[in-house]
Amino acid sequence: MKLSDNINYNQLCRVLSGEATSKDMAFLETWLRSDERNHEIWNELRESWMLAGTASQCDQINTDSAWQQVSARMKSKPTSKNRLIPIYQYAAAIVAAIVLIGGLLYFLLPTFYQQADQVAYITYSDSSEIILPDGTLVALNSGSSISYPENFGATERRVLLSGEAWFEVTSDQQNTFIVETRSFEVKVLGTSFNVRSYEHLELCQIDVNKGVVEVVSFLSDLDPLKLAAGDGADFYVPSGTMIKRSLYPNNLAWKTGELRFHDVSLYEVFNTLEQTYHIRIVTEDPSILDEKLVASFSQNTFDYIMDVVCLTFNLTQVKSDEFVLVKRLNAD
């Protein structure tokens, strides 16, 4: 079987663009389970999406031919789980295949080739930990990607992040460590902090667990914002503004599996659960969000936590493919 025979480009493109339906996600999971090589293809598609940047329209591309080239190269390449992938080796064929699909994707190929010295790491459904060349530990949340140059640390320590990651940065007073996102960058010398900057979200967040960081906006002329241990900041992409706040106590729940709620409104509880488990929660009655929860959870599933919340406040939940609806038990 040719590699391109079982790929539904339209569905994969909708997933990459954040417009996927539940059927698209079901197709993706089935397709990934069907062949170990498909994980490699998917990772490279996501890498191309992240690194190719803004693009102009490309026409007259032979999609089948492009994917045959990818197939030939990938069959000669060993597959390993959670490995760093050199992007540039397959860029031309992958980008060509994506661009043609229904006008969904447009890539500027020269910009892509200028990043031929980049390596990248991407997670799909699970979080993973990687160690950068300088010894910095990075925990990458699901649906996130990080890239850095092969000569990382030679002149500066800069990584490109899309999604969410926690950094335990190795101290180096001579070389600043920089986390660059689509809208801002975070500069540090040696510390630990969490950055949340998903492409589809207008609100990005920075939380500092140790040390000091400096946040610089790409979207406004605001002065850099300095954050110390115990500080956090909300970055609003539409306006490019930053608001300093206290560190969210559950900012690392996605990594540790530990959740602590001390007299916290369900509005905040649901926001935390959405960020931790990537499941949308909506309420039928706004007053539900005013309820206060005192509870702790350790390595529990989303369903278990929601069952506890519903039992505590006499609520019920209705699950769909897109979200979980919470309402009063006697609302009907």
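Leaving aside neighbours within four places in sequence, which residues is Phe193 in contact with? Hold that thought, everyone, while I cover the ground rules. This is a predicted model, so local features need pLDDT of at least 70 and side-chain atom pairs pLDDT 80 or more, while totals for chains, interfaces and linings use all residues. Numbering starts from 1 along each chain as its sequence is written, and side-chain values use heavy atoms, without hydrogens or water.

Back to Phe193. Contact means heavy atoms within 4.5 Å, and the partners are Ala165, Trp166, Phe167, Val169, Val179, Val186, Val188, Asp207, Val208, Asn209 and Val213.

Phe193 also belongs to the largest nonpolar core, which has 32 residues. By nonpolar core I mean buried Ala, Val, Leu, Ile, Met, Phe, Trp, Tyr and Cys residues joined through side-chain atoms within 4.5 Å, with buried being under 20% relative accessible area (1.4 Å probe, protein chains only). Strand β6, residues 157–168, gives the most to this core, with four residues. A second, separate core holds 22 residues, including Ile281 and Met306.

Now, the sheet. Helices (H or I, at least four residues) and strands (E, at least two) are DSSP runs, numbered from the N terminus. Three strands make an open, mixed sheet ordered β16-β19-β18, where pairing takes at least two DSSP bridges. Its edges are β16 (281–283) and β18 (315–319). Five bridges link β18 to β19 (residues 324–328), and these two run antiparallel; Val318, for instance, has Leu325 as its bridge partner in β19.

Finally, helix α9 (residues 302–312) lies across β16, β18 and β19, at about 145° to β18. Axes here are lines fitted to C-alpha atoms, for helices over the stretch in contact, with angles from 0 to 180 degrees between N-to-C directions.

Methods. Buried < 20%, exposed > 50% of the residue type's maximum accessible area, 1.4 Å probe, protein only.
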